[in-house]
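Please look over the sequence and structure shown below before reading on.

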Amino acid sequence: GQNVSIEKAKGRKRALERMAELTVENYTGDFLEDIFIAQADCEKDANTLKELLAKNFPSLNDKIHIGCIDPILGASCGPETLAVYFMGKEVTA
């Protein structure tokens with residue numbers, strides 16, 4: 001896969017809300033229902049994002065996982081990076 005930024009939002013709170021909105025708009029759950037949140041030194045924001053997603057996907061609450069971005073990817077993206085991975089519609093940058 002490839003990691004790409006598809007848009008930018010003003011402010012951290014709005015960015016988290018927009019990430020949740022994009023996930024809701026594009027999630028299909030084909031082949032794999034789980035949603036993965038990867039974070040780089042921003043566990044509080046990852047938990048906030050998980051709460052936003054759980055509100056929209058109450059049946060998937062136990063299938064929304066938070067993990068850490070590994071050092072190799074972290075060296076490229078930097079601290080306080082958040083990413084959401086899920087099966088969904090193809091989104092182009």
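Which residues have the most contacts inside the largest nonpolar core? They are Ile35, Ile37, Leu49, Leu53, Phe57, Ile64 and Leu82, in a core of 15 residues. The model is predicted, so local features need pLDDT of at least 70 and side-chain atom pairs count only at pLDDT 80 or more, while totals for chains, interfaces and linings use all residues. Residues are numbered from 1 along each chain as its sequence is written, and side-chain values use heavy atoms, with hydrogens and water left out.

**The nonpolar core**
- A nonpolar core is a set of buried Ala, Val, Leu, Ile, Met, Phe, Trp, Tyr and Cys residues joined through side-chain atoms within 4.5 Å; buried means under 20% relative accessible area (1.4 Å probe, protein chains only).
- Helix H1 (12–26), strand E1 (35–39), helix H2 (43–56) and strand E3 (82–85) each supply at least two residues of the core; helices (H or I, at least four residues) and strands (E, at least two) are DSSP runs, numbered from the N terminus.
- H2 gives the most to this core, with four residues.

**Helix H2**
- H2 has 14 residues and spans 20 Å from its first C-alpha to its last.
- Asp45, Ala46, Leu49, Leu53 and Ala54 are buried in H2.
- The buried residues of H2 pack against H1, E1, strand E2 (64–68) and E3, where contact means heavy atoms within 4.5 Å.

How values were computed:
Buried means under 20% relative accessible area, exposed over 50%, partly exposed in between (1.4 Å probe, protein chains only). The expected span of a helix is 1.5 Å times one less than its number of residues.
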